Amino acid sequence: VIMAVFATAIYKVEVKVRDRDLAERSAAAAKLFAVKLEKDGNLMRAVAHAMMGNAAIEQAFRGGDRDGLERSARGLFDILRDDHRITHLYFTGPDRINLYRLHTPTEHGDQIDRATMLQAHSRKQAVQGLELGPLGTLTLRLVMPWRQRERSLGYVELGEEVKHLIDEVRD
C-alpha cells in the first residue's frame with residue numbers, strides 16, 4: 001500500500017512537471033513563430049514600398065501593361081524568390097481583379113476575395129495574415145494598397161509559404 005501511494009504521488013508530480021514544461025515550450029514556440037512572421041512581414045512591407053517607388057513598375061501597373069510588369073519586376077521577384085523565399089507577387093486593380101501574377105503569369109483576370117485582400121480593400125491600409133492556399137499551403141500574405149495622390153492604382157500582394165518557418169520553430 002505504501003509503495004502504491006508513493007508511486008501514485010510520484011506519477012502525479014511527474015505529470016504536473018511534464019504539463020508545465022509542455023506549456024512553456026508551446027508558449028515559446030508560438031512566440032518564436034510570431035516573431036519570425038513579423039520579421040518576414042516587415043521584409044515584404046519594405047519590398048512593396050520599394051516597388052511602389054520604381055517608376056517603370058508604376059507606369060506598367062498604371063497602364064495595365066502585363067508585359068511591362070514582367071520586364072520591370074521579374075528580376076526583383078526572382079531575387080526575392082531565390083534569396084528571401086517570397087513565393088507570390090501579385091498586381092491587382094482597385095476592383096480586386098488580378099492584373100498580373102509573377103509566380104504564375106498565365107493566370108490573371110480573376111477577382112481576389114481572400115481575407116487579407118478584403119481587409120486591405122475595406123481598411124485602405126496594408127494588411128498581413130496567414131491564409132491557406134488552394135493547394136493546402138499555409139502562406140503569409142501582405143496586401144498593400146497602392147495610391148497615387150487621391151487615386152487608387154490597386155494593390156501589391158506578396159506571399160511567402162511558411163513551411164520553412166514551421167520547420168525552424170520545430171527544430
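Reader: In this predicted model, are F61 and F91 buried or exposed?

Author: Both F61 and F91 are buried.

Reader: How do you know that F61 is buried?

Author: The relative accessible area of F61 is 4%.

Reader: Why does W146 count as buried?

Author: W146 has 1% relative accessibility; the cut-off is under 20%, and therefore W146 counts as buried.

Reader: What makes F61 and F91 an aromatic pair, and why is the pair called tilted?

Author: The ring centres of F61 and F91 are 5.5 Å apart, and a pair requires centres within 6.5 Å. The planes are at 55°; stacked needs under 30 degrees and edge-to-face over 60, so this pair is tilted. F61 lies in helix α2 and F91 in strand β1, 30 residues apart.

Reader: What makes the pair of F61 and W146 tilted?

Author: Here the centre-to-centre value is 5.1 Å, with 35° between the planes. F61, F91 and W146 form one aromatic cluster.

Reader: Which residues have the most contacts inside the largest nonpolar core?

Author: That core has 29 residues, and those with the most contacts inside it include M51, F91 and W146. Beyond its neighbours within four places in sequence, M51 touches residues including L76, F91 and W146.

Reader: How do you know that the charged end of R114 sits over the ring of Y90?

Author: The charged end of R114 is 5.0 Å from the ring centre of Y90, inside the limit of 6 Å.

Definitions and conventions: Residues numbered from 1 in each chain as written. Predicted model: local features only at pLDDT ≥ 70, side-chain atom pairs only at ≥ 80, totals over all residues. Heavy atoms only, no water. Core = buried A, V, L, I, M, F, W, Y, C linked by side-chain atoms within 4.5 Å. Buried < 20%, exposed > 50% of the residue type's maximum accessible area, 1.4 Å probe, protein only. Contact = heavy atoms within 4.5 Å. Phe/Tyr/Trp six-rings, centres within 6.5 Å; stacked < 30°, edge-to-face > 60°. Helix = DSSP H or I, 4+ residues; strand = E, 2+ residues; numbered from the N terminus. Lys NZ or Arg CZ within 6 Å of the ring centre and 35° of its normal.
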